[in-house]
Amino acid sequence: MKILKSKILFFVLTALTTHVFGQVGTNGEDRKEEGRPVREYNLVLEQNKLTLGGVTADAMTINGSIPGPVLEFNEGDFALINVTNKMDVETSVHWHGLILPNFYDGVPYLTTPPIEPGTTFQYRIPINQSGTYWYHSHTMLQEQKGVYGSILIHPKEKTLDYDKDLVVVLSDWTNEKAMNVLRNLKRGNEWYQVKKGTAVPLSRVIKEGALGAQLKFWRDRMEGADIADIYYPAFLTNGKTLAEYPDFKPGEKVRLRFVNASASTYYWMDFGGGNPMVVSGDGVDVEPVSKSRFLFGIAETYDVIVTVPEGTLEVTATAQDGSGHTSLHLGQGTLFPATTIDRPDKVAMMKQMARMDM
Ligand SMILES: [Cu+2]
């Protein structure tokens with residue numbers, strides 16, 4: 001009886017909440033295409049050789065670049081996005097974080113037909129939200145090869161105090177074939193750890209009393225004491241190892257809209273000054289919080305308002321395993337340097353994880 005009661009309660013609550021808080025962007029007026037300002041973009045996907053951060057690789061580009069263009073909208077717009085596939089393989093574009101008619105979600109064979117070579121597909125999206133989002137291919141391993149870009153939607157009513165916007169897309173970059181990366185991961189060898197000098201010799205594991213933890217890791221098919229599986233020769237900020245924006249003036253408040261478009265990298269973000277205030281996460285405004293260092297997960301977005309100092313403000317994103325970093329500079333003159341975070345003590349971490357009995 002008790003079970004039945006709670007079940008009824010569950011259904012009543014579910015019905016109530018879906019009625020009162022019906023998902024924004026998918027029903028009624030939110031679906032309507034007519035009467036909205038139209039904002040149209042053309043995206044052309046091609047296979048190119050591209051050098052980013054000094055590393056040349058076979059890439060998949062959007063309008064010739066990586067990342068693809070910033071798609072800028074106002075809340076209430078009607079977005080028309082024409083994606084032309086000039087590659088020799090099928091593709092798709094998924095709009096990460098956008099609330100939209102399911103048919104345009106861009107997951108091939110599930111919601112949206114794949115875009116065949118030589119064809120164009122038009123996505124029709126009424127924009128009913130604001131914030132920082134991104135888009136990426138949802139086909140095979142194309143995201144790793146460069147099919148990603150950002151979405152900036154200005155709110156109907158501006159409630160936050162800032163002068164300018166700057167979208168900052170972080171990514172990792174390798175000249176290895178994406179299929180080979182996958183193959184190495186499946187083999188579970190320590191090739192990447194050796195390559196980036198983060199492999200821990202067994203002698204050290206034993207010396208630090210972590211053999212039990214290591215055995216447990218092996219039993220769980222986890223290789224060694226690492227926190228990032230892949231070696232990347234470059235990490236990028238808007239396609240560059242160091243992205244410089246000298247035109248920002250001292251005192252200007254800039255809303256940095258960070259997107260982590262990496263295939264597999266978490267970053268420690270560190271600000272060299274500028275009184276950073278985190279105001280939004282994954283497109284949703286939060287109670288502003290002062291933070292000069294935070295961990296930035298894959299596919300997340302964070303908006304951080306900074307005030308440009310009398311000099312150059314540096315923001316650095318260090319790969320969580322300390323194997324590399326990429327930086328952003330705002331303004332000019334004396335550098336307000338960010339901190340590059342040290343490599344973590346992985347043996348200690350492995351022992352800690354083994355104790356958690358994961
Ligand atoms: Cu996504």
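This is a predicted model: local features need pLDDT of at least 70, side-chain atom pairs count only at pLDDT 80 or more; totals for chains, interfaces and linings use all residues.

Reader: Is Arg255 buried or exposed?

Author: Arg255 is buried, because its relative accessible area is 4%, and buried means under 20%.

Reader: Which side chain does Arg255 join in a polar contact?

Author: That of Tyr162, at 3.2 Å.

Reader: What else is Arg255 in contact with, leaving aside its neighbours within four places in sequence?

Author: The list includes Leu160, Lys164, Asp165 and Leu166.

Reader: Where is Thr132 found?

Author: In strand E7, residues 131-136. Thr132 is buried, with a relative accessible area of 0%.

Reader: And which residues is Thr132 in contact with, beyond four places in sequence?

Author: Among them are Ile151, Phe258, Val259 and Thr301. Asp282 and Gly283 are in contact with Thr132 too.

Reader: Switching topic. How many helices and strands are in the protein?

Author: There are 6 helices and 20 strands.

Reader: Pick a helix for me. What about Lys195?

Author: Lys195 lies in helix H3, residues 191-195. Lys195 is partly exposed, at 41% relative accessible area.

Reader: How far apart are Lys195 and Val107?

Author: They are 88 residues apart in sequence. In space, C-alpha to C-alpha, they are 34 Å apart.

Reader: Now the whole protein. What is the radius of gyration?

Author: The protein has 23 Å. A compact globule with 358 residues would have a value near 21 Å, so the two agree. The C-alpha trace spans about 70 × 70 × 45 Å along its principal axes.

Reader: How much is buried?

Author: Buried residues make up 47% of the 358.

Reader: What about contacts between residues at least 6 apart in sequence?

Author: Of those, 72% join residues at least 24 apart.

Reader: Last one. What about surface and charge?

Author: The accessible surface is about 17,800 Å², and 55% of that belongs to carbon and sulfur atoms. There are 36 positive and 42 negative side chains. The centres of the two sets lie 6 Å apart.

Terms used. Residues are numbered from 1 along each chain as its sequence is written. Side-chain values use heavy atoms; hydrogens and water are left out. Buried means under 20% relative accessible area, exposed over 50%, partly exposed in between (1.4 Å probe, protein chains only). A polar contact is a pair of N or O atoms within 3.5 Å; within protein, one must be able to donate a hydrogen and the other to accept it, and residues adjacent in sequence count only if both atoms are side-chain atoms. Contact means heavy atoms within 4.5 Å. Helices (H or I, at least four residues) and strands (E, at least two) are DSSP runs, numbered from the N terminus. The radius of gyration is taken over C-alpha atoms; the globule rule is 2.2 Å times the number of residues to the power 0.38. Accessible areas come from the Shrake-Rupley method with a 1.4 Å probe; for residues, only the protein chains shown count as cover. Lys and Arg count as positive and Asp and Glu as negative; His and the chain ends are not counted. The place of a charge is taken as NZ of Lys, CZ of Arg, CG of Asp or CD of Glu.
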